[in-house]
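This report describes a protein model, with attention to its confidence, its pocket and selected loop residues. The sequence and structure are shown first.

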Amino acid sequence: MAKSKTLFSIFLVLVVILVTAKAQSFHQSISPASLGLQEEKLSHLRFYFHDVVSGPNPTALRVAQAQTTNNSATSFGAVDVIDDTLTIAPESNSKVVGKAQGIYAFASQDEIGLLMVMNLVFVEERLNGSTLSLLGRNTVSSPVREMSIVGGTGVFRFARGYAQAKTVSFTAQEAVVEYNVFVFHHDAILI
């Protein structure tokens, strides 16, 4: 009996110690400055997206489609992977400022409506190596489409904002789309 009281007392002491001990936390508040982040800025970027769908060097390739896609007026169920060039002007031979890499899926049965998921990878000057992540719906027949900027890297760390897309030209081989991107970000000092 004394032994069980002693074990119970030890057990009770251990429970009290565990309950009152400070628990380790998996999160903590930190200062943005500790990550090298400066004050938040609003930037406007304008570039042209060249989506080449046919010819000797396509930049958009169909990688999947539903059995019914070929019978759909909207290509519903198709998925394309892209590695499209971004230029400073609408002409394909103008200065390259980056790439749009990702996927678009034909996600509407009623109109050509794409689910766009892509990284805008910049190669120009101080943006070199920085990215913006875009996600949204692109109804290609609308004069202007809006999609969300949901993040970024490099000078665009903690980015948020939106992109407006406007078709400049569309042929059987290539679509050229003007993008105006408005993005809030902390101009990071790259460490």
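Is S75 buried, partly exposed or exposed? S75 is partly exposed, with a relative accessible area of 23%, where buried means under 20%, exposed over 50% and partly exposed in between (1.4 Å probe, protein chains only).

## Basis and confidence

The model is predicted: local features need pLDDT of at least 70 and side-chain atom pairs count only at pLDDT 80 or more, while totals for chains, interfaces and linings use all residues. Residues are numbered from 1 along each chain as its sequence is written, and side-chain values use heavy atoms, with hydrogens and water left out.

The mean pLDDT (the predictor's confidence in each residue, from 0 to 100) of the protein is 89, and 86% of its residues reach 70 or more. Among the elements, the lowest mean pLDDT, 66, belongs to helix 1 (residues 2-20), and the highest, 98, to strand 3 (residues 79-87). Helices (H or I, at least four residues) and strands (E, at least two) are DSSP runs, numbered from the N terminus.

## Loop residues with positive phi

Most residues other than glycine have a negative phi. S75, in the loop between strand 2 (60-64) and strand 3, has a positive phi of about 60 degrees although it is not a glycine. E125 likewise has a positive phi, near 40 degrees; its place is in the loop between strand 5 and strand 6 (131-139), and it counts as exposed at 65% relative accessibility.

## S108

S108 lies in the loop between strand 4 and strand 5 and is buried, with a relative accessible area of 11%. Its side chain reaches the backbone nitrogen of D110 at 3.2 Å and the backbone oxygen of E111 at 3.2 Å. Not counting residues up to four places away in sequence, S108 touches T74, F76, G113 and R137 (contact means heavy atoms within 4.5 Å).

## The largest pocket

The largest pocket holds about 400 Å³ of space. Of the 21 residues that line this pocket, D51, Y104, V140, F170 and A175 are the closest to its centre. On a 1 Å grid over the protein atoms alone, a pocket is an open set of points where a 1.4 Å probe fits, with protein on both sides within 12 Å along at least five of seven lines; lining residues have an atom within 4 Å of a point.

The lining divides into 13 nonpolar, three polar and five charged residues. Strand 9 gives the most to this lining, with four residues.

Definitions and conventions. Grid points are joined across faces, edges and corners, and a volume is the space filled by probe spheres set on the points. Ala, Val, Leu, Ile, Met, Phe, Trp, Tyr, Cys and Pro count as nonpolar, Asp, Glu, Lys and Arg as charged, and the others, Gly among them, as polar. A polar contact is a pair of N or O atoms within 3.5 Å; within protein, one must be able to donate a hydrogen and the other to accept it, and residues adjacent in sequence count only if both atoms are side-chain atoms.
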